[in-house]
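Subject: Structure handover

Hello,

Please find below the structure I said I would pass on. My notes on what was found in it follow.

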Amino acid sequence: MSWASSLPEELVCRPTGLIFLTGLDVTYNAVHKSIWDSFCNNRRPDRVPLQFQVRQSYEWYIPKGILKSGWMKKHLGQVPAVVVVFYDLDWDEGMWKEKQMECATRVEIVRNSLQGRGTKVCVVLIQKAAPLPPGEDVVAAERAAALCSSCELSAKHLYVLPQTDHLIGYTIRLENAFYELSQAYYHGESRKVKSHKDFLNRTTHQLLFVRHQFKIAFFNELKQDTHTAIKHYKQAYGHVLELRMHDTNILENKNIAGYINYKICRLSFQHNAPLDGIAQFRKHIDFFKSRVGIADLAFEHSAWMSKQFQVFGDLFDEAIKLGLTAIQTQHPGFYYQQAANHAIARKHLARGTCKALTSPLSPDPLESLANLDFYGQRPWRQGHQSIDPPDQQREKEGIAALQAQELKEDHSWLIIPLLNSAVAQFKKYKSLRMKRFLMVQMGEEYFHAKDYQRALMLLSKVTWEYRGERWWSLLTSILTTALKCAYLTGRLQDYVVNCVELIGPYTTCSVEEKTRIQMNLLRVMSNDAPDAEPGLDSGCVEKARSLWTPTSEPFVFNVEMQNIVPCVECKARFTSLTVAADEEVGLEVYIRVRCPFPVRFSKVSVSLNNPMYNQYLEVIDGHGISAASEGESREGNLYLVPGTTRRYSFSFLPVQEDVGSQLEITGVCVVLGSETARCGVMTWVGAGGDALPPIQTALTLLPRKLRLHTIDWDQIDTDSVTKIVSRPAHLDICLQHEAPSLQNEFYQIRVVVHNREDTAITNVSLCVTVPERDDFDRATHLSVDLPEFDGHVVGRLAYIDLGSLEPAAETAKNIFVKCLQTGPKLITFQVDYSIDVKAKGHVIPCECSKLESLTLNTVSAFEVSVKLMNMKFETIEAVQAEEPFLLMPELKCTSPWPVDIQDSDLQLNSYIAKEDETKSQLPGVCLEKSECAAECYCLTSANTVPASVNLGSYVLHWKRRQSDKAGTIEHPSVTSLFSLPTVSVEHVPLSIDLQLPAFGKMKCLLPICYMITNRTGFPQEIEVNMEASEAFMFSGNKQLTYNLFPLVAGHVSLPKLHLNMTRYAGTMDPIVQKMLPSHIFIKPLGKKQPGEK
């Protein structure tokens, strides 16, 4: 049927204008060869679409009939739109007359060969030199006119091609000229066809309406006017739908409709109108899908439908490659799938209706099948358009011949490429379920095509998804086909895998079918040949039997059980999540089978991440696979009854090297068969598990009644990891200390270790660590035995040797902690030791460890506040350069323990100095909690000092008061530094000092003197006056010396001295008042004693 449904090559190709080039000797003339190459080679997409041919002679075919099978081919490759005559002739040719006559003769020969067609004829003169600009070469113009006259050519049809380096440029210009001529030719041809319309009638010329519109559209395609072409193709298609259709012409009508539909869809995609193309195709299919034709040739209709979908899918895919965007619900995969479905229907129809010929037919009705005059007609009655066939007997013979020819077709190899294309499309657009469904169909077609290897490979790829989605009926069908493929190819491993899964509880096979499969499985593993699967071709079965002959060589293969849903389930677990180093590791393996009959395995083994334990984790059955009893053997019993869970227990002692690490179950193996013959190793990765994860429902949560000594499979957890931990340490760690600790002091912790073991312990060591969680933890220093600190912080004391300890003995160590920051600190104390332990008659050397943690809170011993005061003991915010001021540190004890102050001092900035050699006033002072102490220093600043300066640090030497307990170690003193404040320094242009006695007496002379110092580098003018006071009478001189006469007693205000500087007007008086004392104490007059004068 491929002859009637396939599209001819001339229909599929892109129509381009045909140009014949004559007069070129491309074989022997190098110049002509280069001209031909410039036209035909390396044609870029931007050049005009033309087809060139070199011709030496012409044989033209006059068209006969309607849409003849050779009509498109004739206009694409035989009837040219333009004939170009190339001729070597220069304008200065000496033998001009002779050459002119020869050229005219060649043109005349070409015209005669065209037999009156409208093909355009033009002449190209090949010349050696480049032509002069138009109007400058008079000789050339005269000779060109003479040549056109002799050749009967228009001047527009005469061209010159000079032999220069720019040949390709001249070639492109010629191409454009030829392209315009070809468009004029095809436009004229389409007009000729249109002119026939007036002579047609609807009664007898229905076919001509289709033919004429098709020809007009095709000529417009050759003209590259695709929009006009698609308009006429649509008109032609409309005329096809109006034709009378009956059994004798239905095939021709469908073929012509298919050709026109192809053209419409292709041009729609080309015009970026995919929706129009899809709508046209749906209309096409809806109209013709029910027009089957002759019932005995129904397979032809399925073949035609399949081809329509395939061709449209190809067009759709090609448009996508050129930039069209498809979606998941509309892409070429659906059309390829429908094409495959119709191909499958064709196969079924062929098998149901076709019969082979009993004897050859003479004459052969299909003799002219390859040389039909018209598209889609029967070879034995070409040109016949009536409803009834002309010869009924001949018609029957033709149908029989077509049926016999259809039987020779291998339909599977037609279906498989279509399915493959559909799979690729559904995979591209992520329609995974459709992809799997089509892969199953492909596998079945490979099976029908007897390519069992590929069928098995494809079916194996899709079974995993069907298992996960629990499509049991589909999975059963796929596994059944895969089992047949495995049998026919002799693949033992695949055969066993499919058997193990098919006899499981999830497949939908009948009990009888499962029983047959299990018997075959036992035969295979017993080194016998299995029975053939039902429904197989007898010839293939005979071939397969030779592949299953028993062999003496062992064959061992693996079965990955986690990839299938088998009839055997396995769970392994450790009996405890942690195991001490002196205890046995317990491990249990649970196995159950869910097949029709009991199964005997030959070996069960467990693998751990440490292979040295694997030798203790094996069970070997001494019976053969065919043994049918549950009798015990010396090695073990692996006879499993369906539905009954069997448990196998193992135990072993861990090695010392595994203490602190994890043991993990890496795999479980159950061996079926004998290692000396056929042996299947069923392996589970990890600790195994259910063949299929159970679905939680309300019923599964209800308690179930179990028989006594019955194992509930669903309650078994797969604990695949256990940790080997150190043997528990039997000793006590006592930490003796007095919390909290004080910042920067050496805090003593006494660590006492007491042995609670029944035997002596050796290699006892202590490790003290401050875990480093942040920078805060890196400010804690540790030392052992002696309080030492060299500036380098030690955060870990490792392997402090404590020697050996007898039972009930104890030892102690002093640890000193120096915390440089306040807050809580975590300190760990770990004691490690060695001990020999007896377990099951073995002496096991064990390393034990005991860990104690201590959270130590550190507080500051003091809170320090600093006051700045002037010489009047008034609080100030800023100091004045070169003026004395007072610094008063005040300590408040925040330690819960008494603190002895040993010394204090100031570390002053270089700009600040002490006014005198004042020593600390605090040595020997002991402060209890919340008690305070203070001292005072007189300081002064330099003249050249910044505007803001940090005073320095206050240094305090102290230590905690020692207790009188025995064994107390003398602690070194602690030095604490407290930052002094930053003060602003004011620069004043002068200073003033008042010299006066400490007190005065009423009505006694009180001399005072003001000393004024200029601190600037320039002379200053000042104005001084003394304010009157009711408490004093006074007099003075120019040297600022005054004599005061007190008039009242008590704490009396001194007369105020007002000072003003000319350069700093109005600013100095407030500063001066701060520098001077404001009051003085005046004693009153006492009573005279008797006898006193």
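Trp471 in this predicted model is partly exposed, because its relative accessible area is 37% and that class covers values between 20% and 50%. Trp471 sits in the loop that connects helix H17 (452–468) with helix H18 (472–489). A polar contact of 2.9 Å links its side chain to that of Glu469. Setting aside residues up to four places away in sequence, Trp471 touches Arg433 and Tyr466. Tyr506 is 35 residues from Trp471 in sequence, and the two C-alpha atoms are 9.6 Å apart in space.

Next is a lysine. Lys347 belongs to helix H13 (residues 332–353). Is Lys347 buried or exposed? Its relative accessibility is 2%, so Lys347 counts as buried, the limit being under 20%. Apart from neighbours within four places in sequence, Lys347 is in contact with His411, Ser412, Ile415, Glu445 and His448.

Several of those residues turn up again in a helix pair. Helix H15 (residues 412–428) and helix H16 (residues 432–448) have axes that come within 9 Å and cross at roughly 160°. H15 and H16 are therefore roughly antiparallel to each other, since angles over 145 degrees are classed that way. The crossing of H15 past H16 is left-handed. On the H15 side the contact involves Ser412, Trp413, Ile415, Ile416, Leu419, Asn420, Ala422, Val423, Phe426 and Lys427. From H16 come Met434, Lys435, Leu438, Met439, Gln441, Met442, Glu445, Tyr446 and His448. By type, the residues of this contact between H15 and H16 are twelve nonpolar, four polar and three charged. Ser412 and Ile415 of H15, like Glu445 and His448 of H16, are also among the contacts of Lys347.

A second pair is described in the same terms. Helix H10 (residues 250–270) and helix H11 (residues 274–288) pack at an angle of about 165°, and their axes are 7 Å apart. H10 and H11 are therefore also roughly antiparallel to each other. H10 passes H11 in a left-handed crossing. H10 contributes Lys254, Ala257, Gly258, Asn261, Ile264, Cys265, Ser268 and Phe269 to the contact. H11 contributes Pro274, Asp276, Gly277, Gln280, Phe281, His284 and Phe288. The contact of H10 with H11 divides into seven nonpolar, six polar and two charged residues.

Last, some backbone details. Most peptide bonds are trans, and most residues other than glycine have a negative phi. Which two residues are joined by a cis peptide bond with omega about -5°? They are Ala739 and Pro740. Pro740 is in the loop between strand S20 (731–736) and strand S21 (741–742).

Asp785 is not a glycine, yet its phi is positive, at about 70°. Asp785 lies in the loop from strand S24 (780–784) to strand S25 (796–805), and with a relative accessible area of 36% it is partly exposed.

Lys1003, likewise a residue other than glycine, has a positive phi near 65°. The loop between strand S42 (999–1001) and strand S43 (1006–1014) holds Lys1003. The relative accessible area of Lys1003 is 48%, so it is partly exposed.

Regards

Technical notes
Residues are numbered from 1 along each chain as its sequence is written. This is a predicted model: local features need pLDDT of at least 70, side-chain atom pairs count only at pLDDT 80 or more; totals for chains, interfaces and linings use all residues. Side-chain values use heavy atoms; hydrogens and water are left out. Helices (H or I, at least four residues) and strands (E, at least two) are DSSP runs, numbered from the N terminus. Buried means under 20% relative accessible area, exposed over 50%, partly exposed in between (1.4 Å probe, protein chains only). Contact means heavy atoms within 4.5 Å. A polar contact is a pair of N or O atoms within 3.5 Å; within protein, one must be able to donate a hydrogen and the other to accept it, and residues adjacent in sequence count only if both atoms are side-chain atoms. Axes are lines fitted to C-alpha atoms, for helices over the stretch in contact, and angles run from 0 to 180 degrees between N-to-C directions. Angles under 35 degrees count as roughly parallel, over 145 as roughly antiparallel, 65 to 115 as roughly perpendicular and the rest as oblique. A crossing is left-handed if the near helix is turned anticlockwise from the far one by less than a right angle, and right-handed if clockwise. Ala, Val, Leu, Ile, Met, Phe, Trp, Tyr, Cys and Pro count as nonpolar, Asp, Glu, Lys and Arg as charged, and the others, Gly among them, as polar.
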